[in-house]
Amino acid sequence: MLKKRMIFALLFSEEKFCLSRNFRLQKVGDIHWLNKNYNLPYISQYLDELMILDVERTDDRSSGVREAFLESLRALNQKLFLPICAGGKIQSVEDANLLFKNGAEKVVLNSGLYGHPEVVEEIVGKFGAQAVIASVDYRVCDSGIKIYSNNGQKKEECSVEELFEKLSELNCGEIIFNSIDQDGTGFGPNFDFLELKPQSFDLPVIISGGFGKPHHFEEALSRGDVEAVSTSNILNFIGDSFKNARNILMENKISLGKW
């Protein structure tokens, strides 16, 4: 049985790391600020992966991966000893390759799932399914679940059923469901998307959005259909917070790796 995982996500926009609530960003500082104010090498001892995402809002679809983002990725890779996933602005196989060359072990793809699935297929074909995470942002509305791309700015017209079919065809290694409604609230995760998952769909699932307390992690990781959780709530999880959350999970028999 695969071990469950705890993932910490750092959001990067306009050369700064950001807080996010319902996908609205608040800049807090650059890589130097991060190093000064948060003991990431200590925190990382109690994590399984780090995710760093370029979430800058832009209409420039041809920009690709930005050098400022690569600089931060390199700095984190040199400082931390844990797997790093990276994503944002990936327009091509070359963009994905840049992330791998600068320290990423996996790449995260979102908008390309809808606009350029052929690029996703190329990346999976070149680097392998295990190196690609499909990222799905969604809201729960009165009329059902609505899917968004471009950092939550564009509503996609595909249904949940069509999305699961598309993801099966693309053959990514994992999928992360990001709840826009729960993002940054600390009120707990949302599982509505999982309730619609076909039984035949067997990709490992990561849940993101709403994690603010240790019991939120336990609620998600105790489910058989969730392999990992991700939080970007940097204010809630500093100091010993990840250590305490991990200890509580292991005390409650959640199958985590022991480092």
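This is a predicted model: local features need pLDDT of at least 70, side-chain atom pairs count only at pLDDT 80 or more; totals for chains, interfaces and linings use all residues.
Residues are numbered from 1 along each chain as its sequence is written, and side-chain values use heavy atoms, leaving out hydrogens and water.

Okay, the patch. On the surface, E94, E118, E121, E122, E161, E162, E165 and E169 gather into a patch of negative charge. For a patch, residues need over 30% relative accessible area and no salt bridge, and like charges are joined within 9 Å. A salt bridge here is a side-chain nitrogen of Lys or Arg within 4 Å of a carboxyl oxygen of Asp or Glu. Two elements give two or more residues each: α6 (117–127) and α7 (160–170). Helices are DSSP runs of H or I, at least four residues, numbered from the N terminus. The largest share, 4 residues, comes from α7. Over in helix α6 we find E118, which counts as partly exposed because its relative accessibility is 39%. For those labels, buried is under 20% relative accessible area, exposed is over 50%, and partly exposed is in between, with a 1.4 Å probe and protein chains only.

Now, the cysteines. How many disulfides are there? The count is 0, taking a disulfide as a pair of cysteine sulfur atoms within 2.5 Å. Take C158: its sulfur is 14 Å from the closest cysteine sulfur, in C141, so that's too far for a bond. As for cover, C158 is buried at 19% relative accessibility, while C141 is partly exposed at 30%.

Key:
Patches are made of residues with over 30% relative accessible area and no salt bridge: like charges are joined within 9 Å, nonpolar side chains (Val, Leu, Ile, Met, Phe, Trp, Tyr) within 5 Å. Accessible areas come from the Shrake-Rupley method with a 1.4 Å probe; for residues, only the protein chains shown count as cover. Lys and Arg count as positive and Asp and Glu as negative; His and the chain ends are not counted. The place of a charge is taken as NZ of Lys, CZ of Arg, CG of Asp or CD of Glu.
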